[in-house]
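Morning, everyone. Let me put the structure up, and then I'll walk you through it.

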Amino acid sequence: MSVGIIMLVHTAFGRAEQVARHWAASGCPLVIHVDKAVPRKTYNAFVKALSDIEDVRFAPRHRCEWGTWGLVAATQGAAEIMLREFQTVRHVYLASGSCLPLRPVQELIDYLAVRPNTDFIESATTADVPWTIGGLDQERFTLRFPFSWRNHRYLFDKYVALQRLVGFKRHIPNGIVPHMGSQWWCLTRQTLSAILDDPYRRVYDRYFSKVWIPDESYFQTLARQYSRQIESRSLTLSKFDYQGKPHIFYDDHLQLLRRSDCFLARKIWPFADRLYEAFLTDPAGAMKRTEPNPGKIDRIFAKAVERRTRGRPGLYMQSRFPVETRENGLTCAPYSVFQGFSDLFENFEPWLARMTGMRVHGHLFAPERAEFSDGQTVMNGALSDSAALRDYNPRAFLASLIWNTRGERQCFQFGPRDMIEDIEWYIAKDPNAQVSVISGAWAVPLFKSNGNFADIRREAALLQQVESQHLKVLRSSWIKARVRIWTMAEFIEAPMEPLQTIIDEIGQQNLRGLAEVPRMSDLTGFGQFLQNLKNQGMHPYLMGDFPVEQGTHSPQQDARKPYLVR
Amino acid sequence: MGAWQSYRMRLRRKRAKVRAFRKHFSMRSVVDRTDRIRPGDVLLFSTMRDEHVRLPYFLRYYRDLGISHFLIVDNDSTDGGADYLAQQDDVSLWSTKASYKRARFGIDWLNWLQSKYGHGHWTLVVDPDEFFVYPFCDTRPIRALTDWLDTSQVKSFGAMLLDMYPKGRIDVVPYRAGQNPLEIAAWFDPGNYMIEKNKKFGNLWIQGGPRARVFFPDNPKKAPALNKTPLIKWHRRYAYESSTHMVLPRGLNLTYDEWGGEKASGILLHAKFLDTFTAKAAEELTRRQHYSASVEYKAYAEIVQHNPELWCKWSEKYINWRQLEILGLMSKGNWA
């Protein structure tokens, strides 16, 4: 009893010949099908090259376009020859010219010999498989597909749409339940002959010839009718990408393939010399048994699909430039934006850095330059502090900064003095942004400044306008950022509570609470300052209500000592 | 994109083809070995001028990648580079004394050669100071990439220009012929690139890197474009529109994914900033044969006089393609 190999070949005939000789050397009879699209000259040369091997037959040629009936017809023809001409064959293995045996053929023969009645064919109902391409799962069995998906995509799509529109549904003959699975199987003589000699075969053939991708469903469905024991997995390792194309194996996959528990791998790049050498020409040493670890192969190829379909969140690069709403994360990691805090507290930035271990920048969007932490002129990723470069593309600036500093949480100051117009919406829509605002705190530096009151008034009016616009953005319904807004009056009532909340959310393990508190500016006379602005006809409202009388709001009594919040 | 727009693009492409035809009369074949080109060969097209010192390593690098034939236009070299190229078995050489600028920076010449010899081949268009890096380039020849692109039915492959520079002044370490220039210019900017989409041509417009950071910090708009599409399965109807930054028909520019995923992409390591650069910059100032009245070179010449150091604390030293992929400068896409 032996294993017979059906080989479907359409290209790389040198490699196909090599593999065919490998099978033959271990006593496996072969039936080879060559695609009809191959020129006669090439075909003849191939036949001639294999003429010295006794147990090789060539099947009648069909045109094998991807996803068409030709592939099934070719397999049927070859299988008939196999069963007729090689009576000792018990299992028939369907392989392609670009399949490569990963383990010694004798191991395969032994493996099948102890499982004489088992059919190895991946076969699952459409409801249970995730790998259907083009959104056609059950419909591939109930619609007609006369147009090629590859070459006439437009007609294909339109015809599908039309059938859906008129509610066309094909009748599935004899109540068979369509199953799908990998097209590379290994069936017993019993099952295979039962399929081929089925009295209803003409009915089935006619039905499946109009099904989409019948090579993944014909044998998979019919084997269910006759098999005594189905093991629903393929003995051939083959991985598919997101479009349903097989992944290709190269020389650098050698170690990976050694760890596979499959007998064959598909598909191998024809010029992968090292692979062919390792698995074919070196009889003893090359197929060194290593502990199988198929999970690793799965992971690598699953990751490739993930990368192609979802990409790395927050990365903008030459081959990933998502349109709006498809970014899958505007930035790659959470960051914090503080507005008004460094105005209200004298040492806010160093304090925050000490408390949280974050990278604390100054006003990144300041008009003069990007104020990176520690006064650096260049940041991670060689990001320049030039205001012109930053404002040229502020989105790219912020996304790059967050991307370049992966692993270290970033935090920066923001305020109405900054160039916020082009970036505020971006931050507001970013779920990674944690925005905390003390509204009206911009008035503190004005209060402290030594300018002419007329200038201060003008400046205050401008800043208030900018900030109220900004608050509108932060309160819009499109917001995705985590936003907290306090008026300044509200905030200084109990400053530690909000600070603790913010820092807790950042998630530093600081269980004992804040060990140290930031120093608040001396606000003595601030209420009067606001009143003066009002008296000049400018109405400051963003900071909330500050009484003119000093001391009623703030518990601060001793004006000479700096005020500690507690 | 309406029919009218499409039609105008078609006219543009036709115009590029007509230009290529007109300009090809100025080229003279020096050595023609194109009969050695076999179907399936990956071909390299390039123009050069006075690059003799770079040539030995350039040819070796691309031969190792698996380039089968080099088709090179020599623009009036005086340093013996043309003779050197003529002696190479896998080089076909043309020479011209015509204006580089008037041939749209050499693109007209190459468009002609590509449509004549590149039809049906994968063609790589690079300058002598550009080194193509793609995923798995250390273990898989370029043919593996193009075969995979063929089976994926992809016709063009993007590779961003990555400016490489040495640590210290760029004119300190002399470059010797045959040496790997990346030994000297080993550093690059890992994460300061800015991308916009060009709605008209569909390509991305990428700027940034050391040139934007050092030469154009106050005028970023003038910073040079870094997006390139150097590897294309050529059809005689195709035409590069502006250097290899843009190509027509526009579909070839879509080397990026817009739905969140990553397509596979490569990098052109740009080893321009060697000690030879200072002399080149000075020469280009008088020749004025480069883009936008050589504005780039003017800026270089000015800054290079004072402080020709591009290196900074956050510069990254080049190791291999995997490093570039982790940094997010290129991607494996779904090639695994």
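First, the ground rules. This is a predicted model: local features need pLDDT of at least 70, side-chain atom pairs count only at pLDDT 80 or more, and totals for chains, interfaces and linings use all residues. Residues are numbered from 1 along each chain as its sequence is written, while chains are lettered from A and ligands numbered from 1 in the order in which they are written.

Domains. Chain A splits into domain 1 (1-114 + 242-284), domain 2 (120-183 + 190-234) and domain 3 (335-564); the bounds come from an automatic or database domain assignment. The centres of domains 2 and 3 of chain A, over C-alpha atoms, are 63 Å apart.

Now helix 1 of chain A, residues 13-25. Helices here are DSSP runs of H or I, at least four residues, and strands are E runs of at least two, numbered from the N terminus. Which residues of helix 1 are buried? F13(A), R15(A), A16(A), V19(A), A20(A) and W23(A). Buried means 20 or more other C-beta atoms within 10 Å of the residue's own, exposed means 12 or fewer, partly exposed is in between, and C-beta atoms are placed from the backbone. Down the axis of helix 1 of chain A, the buried residues fall within an arc of 155°, so they line one face. That arc is taken from the directions from the helix axis to the C-beta atoms. On the other side, G14(A) and A25(A) are exposed. After helix 1 comes G27(A), with a positive phi near 85°.

Last, the contact. Chain A puts in 48 residues and chain B 51, counting residues whose C-beta atoms, placed from the backbone, lie within 7 Å. On the chain A side, helix 11 gives the most, with 7 residues.

Definitions and conventions
The expected span of a helix is 1.5 Å times one less than its number of residues. Two residues are in contact if their C-beta atoms, placed from the backbone, lie within 7 Å.
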